Amino acid sequence: MRFLRASRIALAVLGGALSASLAAQIPTVYPASGRPNGITGGPDGNVWFTENAGGKIARITPAGVITEFPVLSQNPGLQFITTGPDGNLWFTEGAAGKIGRITPAGFVTEFPIPTQGGGPSGIVTGPDGNLWFMEQGGKVGKITTSGFVTEYDAAPPGSRPIRITAGPDGNLWFAELVGNKIGRITTSGAVTEFPLPTANSFPLGITAGPDGNIWFTERVRGLGYITTSGAITDVAAPTVSEAITTGPDGRLWFPNSFEQIGRFYPGGPITSYVASISGSIEDIAAGPDGNLWFTDLTGKVGKISPGCVPNATTLCLDSERFKLRAQWKTADGTGFGQAVKLTDDSGYFWFFSSGNIEMLVKALNGCSLSSTFWVFAGGLTNVEVTLFVTDMRTNALKTYFNPGNTPFQPIQDTSAFPTCSVPSSPPPGGQLLEGPPGEGAETEKPGPSAPAGGQLACAEDATAMCLNNGRFRVTAAWRSAQGSGQGQAVRLTGDSGYFWFFSASNAELIVKALNACSFNNRYWVFSGGLTNVEVTLTVTDTATGAVKVYVNPLNTAFQPIQDTSAFATCP
């Protein structure tokens, strides 16, 4: 019979929760001339922007090297810029009344629009393969990639439509700053206007959202969105300035009037993400390098990382400041662990089965104690594991390695990242123990998991969990120098769960009861933690009344329990 060495984990965290605080990203800012205005990600891997006062189109590499290209018109009043379907950059000249095109090599061509004084402004690639642009005089323009211009009456004079976006419905959508409406135009030129429910909201920035709606900024109310059928909803938000865009992380990003950049998922909380950007942010766009780029009218161009982007194999902790991935390797192959988030600062990975937790990890803000962020991890596995932890604010990387066929010991790295920004409160409970990253615990993958027969008398409550089809009742009592109590139980799968002691957001101890009757005629108990408080773990076989008690002494680092002979009560 062949058994796979599967990692069955257990973990807990150090005596109480450290409060998670927003890990605001610090932007990288580059000096630029000519009052930078519109900005867009280019087809060449660079970012392009207009210089309103300088009369130039500028290109900036991801490393910050800027090259400027003068346009042909004198005092063009450069506005916005976008990547066209032809692989060139297209821009608007508000004062000169022209649409410009620049190749990635810097060759400029200009096309005058029919309506003089129209004031071309926002521009976007349409679903029909043409470029569409707004005219502040009240028209919407369309220009083919060969330079042929068509204009459509879109809004009354004085309504000042400025920005435009392509919608998910195959139409173009625009905001009327003074007209207090959102407009829609089909690619054949049919226009529909939708009045905003609140007078004098002054809509300005507009973009297609990740939720299938059209989102816009309102200088008075904050934000709003409109469905493709025309239903409008206002969203309370910090006072916004102008632009809004969908970032590479699937969030909506916008600058506000307090020199900050906000971000949010539609329907989620709005977070002011970057503080103290001294200047006046005008435009924001996703760059081809995965960052958000913005222009500052005071003479700067900046970029900001969107932070950790969670996915199937990526865990994002501490307000998504820390990115964690776990790579495993066995004689049969290698892969990345599947990530499951538990709280803002903790989560776990499974390798071979979603019902089989492999490794639990935590990123904690320990700035008030050691001026560092901490990394804790624990497991019950002997496969080779490499844990990668990246501070997305600084790009600092920590790597923890567990060799194959070596029992995994808890990682308790309290000097992981000396990159503190916001202090937090120390946890209650026992004295904090510092230890180096360790290795990991060994087990074999057991056979069938269903116990046979017997009347089960397990009853779950706030402090007890029932594992292995309800056969085993598990409780955890804790004691520190400051007090004692019962751990609060949270079941994760049919045979595993965790306890928290001081805060629901802070997992302390994880346990697993496994059916290995086909392997060694026993039920197994695994447990692990990252705590040094006294813990009494009690496991009762409710079918037979047999009890196993495991004690971790006070001020002693919790070592994994791997009891593969716990209950000789099969089946």
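1. Cys 420 counts as partly exposed, at 29% relative accessibility (buried is under 20% relative accessible area, exposed over 50%, partly exposed in between, with a 1.4 Å probe and protein chains only). Its disulfide partner is Cys 367, the two sulfur atoms being 2.0 Å apart (a disulfide is a pair of cysteine sulfur atoms within 2.5 Å). This pair links distant parts of the chain, 53 residues apart: Cys 367 is in helix H1 (residues 367-370), and Cys 420 is in the loop between strand S38 (411-417) and strand S39 (465-467). Helices (H or I, at least four residues) and strands (E, at least two) are DSSP runs, numbered from the N terminus. Cys 367 is buried, with a relative accessible area of 10%. The link is left-handed, with -95° about the S-S bond.

2. On the source: this is a predicted model, in which local features need pLDDT of at least 70 and side-chain atom pairs count only at pLDDT 80 or more, while totals for chains, interfaces and linings use all residues. Residues are numbered from 1 along each chain as its sequence is written, and side-chain values use heavy atoms, with hydrogens and water left out.

3. The whole structure holds four disulfides. With the bonded cysteines numbered in sequence order, they pair as 1-2, 3-4, 5-6, 7-8. One of them joins Cys 308 to Cys 316, S to S 1.9 Å; this link is left-handed, with -70° about the S-S bond. Cys 308 is buried at 0% relative accessibility, and Cys 316 is buried at 3%. Another joins Cys 458 to Cys 466, S to S 1.8 Å. Its S-S torsion is about -90°, so this disulfide is left-handed. Both Cys 458 and Cys 466 are buried.

4. A search of the whole structure gives 19 salt bridges (a side-chain nitrogen of Lys or Arg within 4 Å of a carboxyl oxygen of Asp or Glu). Among them is the pair Arg 321 and Asp 391, at 2.9 Å, N to O. Arg 321 is in the loop between strand S29 (315-317) and strand S30 (322-330), Asp 391 is in strand S36 (residues 384-391), and the two are 70 residues apart. Both residues are buried.

5. Two further salt bridges involve lysines. Glu 110 and Lys 98 meet at 3.6 Å, N to O. Glu 110 is in strand S9 (residues 108-112) and Lys 98 in strand S8 (residues 98-102), so the pair ties together parts 12 residues apart in sequence. Glu 110 is buried at 14%, whereas Lys 98 is partly exposed at 23%. In the pair Lys 139 and Asp 153, the closest N and O atoms are 2.5 Å apart. Lys 139 is partly exposed at 22%, and Asp 153 is exposed at 60%.

6. A salt-bridge network links Arg 163, Arg 219, Glu 242 and Asp 283.

7. An open sheet of four strands runs in the order S14-S15-S16-S17, with antiparallel pairing (two strands pair if DSSP finds at least two bridges between them). Strands S14 (161-166) and S17 (191-195) are at the edges with a single partner strand each, so one side of each lacks a neighbour in the sheet. Strand S15 (residues 172-176) pairs with strand S16 (residues 181-185) over five bridges; Trp 173 has Arg 184 in S16 as its bridge partner.

8. In strand S45 (residues 522-529), seven of eight residues are buried. Eight bridges join S45 to strand S44 (residues 507-516), running antiparallel, with Leu 509 opposite Gly 529 in S45. S45 also pairs antiparallel with strand S48 (residues 561-567) over four bridges, where Ser 527 has Ile 561 as its bridge partner.
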